[in-house]
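User: I would like to learn how to read two packed helices. Where do I start?
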Protein chains: 2
Amino acid sequence: MKILGVEHIGIAVKELDECIEKFENALDLKCEGREAIEASGVEVAFFGCGSSKIELVTPAGTESPISSFLSKRGNAIHHICLRVEGIDEWLAFLKEKGIELIDTVPREGASGKRVAFISPRSMCNILIELSEDKP
Amino acid sequence: MKILGVEHIGIAVKELDECIEKFENALDLKCEGREAIEASGVEVAFFGCGSSKIELVTPAGTESPISSFLSKRGNAIHHICLRVEGIDEWLAFLKEKGIELIDTVPREGASGKRVAFISPRSMCNILIELSEDKP
């Protein structure tokens, strides 16, 4: 049960194509992929950045939880995803500590990873995602 | 002129001590240091996280730009700091591309690093900091 590093930083944006172009043009980063994540109702685009990624996230439909975030905040950094070892043990550990979880069991994230979100209510209003790579 | 990775993720918080305790307790991270950065009017606390850091930032006085962010948003992820090689060349490159800069020359950041912020107006409303390690 370990934190290995920052898997990605999730940035909510309204105009995915325009923001991809800005990040590529200004920061000389390369968009390495786009993926629709149906379970979360979002489309993501990611840029490799050392051992981490920057992930642009946009709603894939009107029902996405990202939609309400965007209408309240506009484009903004949405969450931090930590790469962990032993996500099931992490969730048990957090539960035992009384930390509120959005996902009590891992669900499927981008690239088939197992992911789970911790409730911002338990983390100073910050949305933290845990992610474990496929074995 | 290269991006080497994510140096840190800056999180603006109102209650530094309380948030340090939450991050230590829930995520089993260790606060590795606290530092007042007078040039920016903030106090920071950081946690190592793989090759990156999580940095909690709180206003050190009433004049801090973090104060207005906090009163509008409450605790929230504030900026992404990218570790770069050649920060002077980066700033020249960005200027040439017409990207608006908050710092046209690097200033001193935490641990004596040379840092500069790009204006969110040019980056889809996202605040990006560039940071170069001391040689």
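Analyst: Two packed helices are described by the angle between their axes and the distance between the axes. Here, the axes of α3(A) and helix α1 (residues 16-27) of chain B come within 9 Å and cross at roughly 130 degrees. Axes are lines fitted to C-alpha atoms, for helices over the stretch in contact, and angles run from 0 to 180 degrees between N-to-C directions. Helices are DSSP runs (H or I, at least four residues), and strands are E runs of at least two, numbered from the N terminus.

This is a predicted model: local features need pLDDT of at least 70, side-chain atom pairs count only at pLDDT 80 or more, and totals for chains, interfaces and linings use all residues. Residues are numbered from 1 along each chain as its sequence is written, chains are lettered from A and ligands numbered from 1 in the order in which they are written, and side-chain values use heavy atoms, without hydrogens and water.

User: What word describes how α3(A) and α1(B) lie to each other?

Analyst: They are therefore oblique. Angles under 35 degrees count as roughly parallel, over 145 as roughly antiparallel, 65 to 115 as roughly perpendicular and the rest as oblique.

User: Which residues make the contact?

Analyst: A:Trp90, A:Phe93 and A:Leu94 come from α3(A), and B:Asn25, B:Ala26 and B:Leu27 from α1(B). Contact means heavy atoms within 4.5 Å.

User: How many residues does each chain give to the whole contact?

Analyst: Chain A gives 39 residues and chain B gives 39 residues.

User: How many salt bridges are there between chain A and chain B?

Analyst: The count is zero. A salt bridge is a side-chain nitrogen of Lys or Arg within 4 Å of a carboxyl oxygen of Asp or Glu.
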